[in-house]
Every structure is written in C-alpha cells, then in structure tokens.
Amino acid sequence: MSISHYLKQIGRGSKGASNLNRDDAQTLMSQVLSRAVTDLEIGAFCMAMRIKGETSDELAGFYDAVKPLLPALSFNQPVLLLPSYNGARKTHLMTPLLAKWMSELGYLVLVHGTHEDLQRTGSEQVFSAMGWPVISHRNELESILTLHKFAYCPLEIMSPELSHLLSVRQVIGVRNSGHILAKLINPVITESFQISNYTHPAYPVIIEEFFNLHPANVVSMRGHEGEPVASPRRLPELSFQMKRADRIWAKEARYDEMPVEYQLDIDAVSTRRLYHSILSEDIASPPTLVWQTETLHEAFSRSLTS
C-alpha cells in the first residue's frame, strides 16, 4: 500500500505543506509502523515531517496508531513514567536517581528509552552499573516493576514498531516524529503520571493541546539535555496538567553553585560512584533534583486526593 498521497500533502516544504487531520495521521502512522510501505517512503515521511513540524492533531493521530501496539499494564499503585531518550553529554545523568527517589515516596516508576548516541551516557547503562532492574522481556514488565518499585524498559521491548521508526535516524541522520511520540507513550491503564520534556520552544503549546486530545496526568517541562530532570543549577518551570485537579504551575528555581563532586567524569561508572556517595549521604544531594522530587510528590499527592 502506498502513502504517496500523504507524502504529497506533507512534503511540500515548511510553507507549501498542509497538515493532516487526525484520522489521516493515524492511517499514515499505522502503515509506517507496520512497515506496509517501502523504506524509501518511510524515509520520505520522516524528512517531510521533520521539515514541516507536527501539529497536535497529527501527534494525536500518530499516537492513536501507536497505542494499540503498547502493552496494557495494570498496577495497585500509581505509576510515574520517565522518558529517557537523550542521556548525558555534559553533566551526570540524574533520571535514574529521580526514579529511585520517587519510588521511595510510594510510586512505581518506569523509565523507558533507547541508547542511540554512543557518545552519551544513557539510563540503561546507569541502571546496569547500579545493579538496578532492566526489563528484558515484555511479559515481565508488571512483575518486575511491582517487585522492585522502579525499573528501566528499553523501547524495543515496549514497542518494537516505534523503536524501529526511531532507528531510521541512523540512516537519514536526523530525528523524526517517532522521537516525539516515544516521549508521550503511556502503557499504564491504571492511575499514572508522566513527564513530558521538550527542548524546542514551540512544543509546550503543542504538548498541552495533545494532552487535551489524549487526557493524562502530565508534567511538562523544559528538559535538561533532553532528559526529564532538573539541571544541576536550575529547576525549570513545571506545568501540571491533571485530569482531576486544576492546572498547576511551579516556578523556576535556581541554585548557582556547582559542587566539585558534580564536575567529575559522567560515564556510567563515575555516575555509579556519585550515586553511591549521594545515597550514603557522603555528599549533599543535588538541590535542584531534591526540589523537583518534592514538587512532583506534592502535586501528585494533591491530584490523588482531589
């Protein structure tokens, strides 16, 4: 089956292209994910959307296609989902540590992602270095998360179809709509919260509109190095879009000093040493990450009791 008529619509450049409606976006993405079209067409789709940019309706339609391919997970505790798709390039990766802290506050925490850039330290590397659970089979997601309270799941385990779309980057050299979708997925059908982090200034509005179409308990924030965590010096503004509570904003907070311990190497082994020092209280916890943990817990608690 060809998607040439969709490519003709979205592939006329940033000024000449027109947007897809939600139903057409779902149909198009379903064909891309099922690989019912050629690799050339998939590459053309990725480049066309990269140039044009996604609308909230298009993202909603794309997600309509992804949703049936995800596992349907059920738990007796609220789950926090942390998308970890970029890793650390300049400072230590703190997404796994945030996951552990939030699990100690009574949440099940599922970190999901990929490790595309070998020059960066990814969450899977840090989880493995710490001896923390990494999911290796889709059918063990519920049992391992329930047992250990937090875990890392590679995207290829959760959604091999979406993972394949992300891998197109290795051929064409740029990210595509799959990378945006991966940060929005939620396989949990019971009570859950998720963080949606962004770097492009246009995305806060698009993300808000997307979650109006796919309601969820979501926290939007400008990510640090593309990760859903505060930087060592700054906790960005957090926007809470909850299904059972009024919209909440947490203002930006800054911490200007950088302790020497956080200026060391950021590879997985060095990150493990840093985590052990923090968890054993040999050095102070990063203040911005503490603030993020406390702010998330306060807002989630308010939502659960409203």
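Colleague: In which helix is the place of Ile 207?
Modeller: This is a predicted model, where local features need pLDDT of at least 70, side-chain atom pairs count only at pLDDT 80 or more, and totals for chains, interfaces and linings use all residues. Residues are numbered from 1 along each chain as its sequence is written, and side-chain values use heavy atoms, with hydrogens and water left out. Helices (H or I, at least four residues) and strands (E, at least two) are DSSP runs, numbered from the N terminus. Ile 207 sits within residues 203-213, which form helix H13.

Colleague: Is Ile 207 buried or exposed?
Modeller: Buried means under 20% relative accessible area, exposed over 50%, and partly exposed in between (1.4 Å probe, protein chains only). The relative accessible area of Ile 207 is 6%, so Ile 207 is buried.

Colleague: Which residues does Ile 207 touch, not counting those up to four places away in sequence?
Modeller: Contact means heavy atoms within 4.5 Å. Ser 196 is 11 residues from Ile 207 in sequence, and their C-alpha atoms are 7.9 Å apart. With residues up to four places away left out, Ile 207 touches Ser 196, Tyr 198 and Ser 220.

Colleague: Why is helix H6 largely enclosed, and what covers its buried residues?
Modeller: Helix H6 spans residues 95-104; 9 of its 10 residues are buried, so the rest of the structure largely encloses it. The buried set includes Lys 100 and Trp 101. The cover includes strands E1 (79-84), E2 (108-113) and E3 (150-154), along with helices H7 (123-130), H14 (268-279) and H15 (287-305).

Colleague: Which residue with a positive phi follows H6?
Modeller: The phi in question is near 105°. The residue is Gly 106.

Colleague: Which residues does Gln 241 touch, beyond those up to four places away in sequence?
Modeller: Gln 241 lies in strand E7, residues 238-241. It has a relative accessible area of 9%, so Gln 241 is buried. Pro 286 is 45 residues from Gln 241 in sequence and 26 Å from it in space, C-alpha to C-alpha. Gln 241 touches Glu 208, Phe 211, Asn 212, Ala 216, Asn 217, Val 218 and Arg 247.

Colleague: How many disulfides are there?
Modeller: A disulfide is a pair of cysteine sulfur atoms within 2.5 Å. Cys 46 is buried at 1% relative accessibility, and Cys 153 is buried at 0%. The disulfide count is 0.

Colleague: What is the radius of gyration of the protein chain?
Modeller: The radius is taken over C-alpha atoms, and the globule rule is 2.2 Å times the number of residues to the power 0.38. For 306 residues, a compact globule would come near 19 Å, and the chain agrees. Its C-alpha atoms fill a box of roughly 60 × 45 × 40 Å along the principal axes. The radius of gyration is 19 Å.

Colleague: What share of the 306 residues is buried?
Modeller: The chain holds 15 helices and 9 strands. Of its contacts with a separation of 6 or more, 71% join residues 24 or more positions apart. The buried share is 55%.
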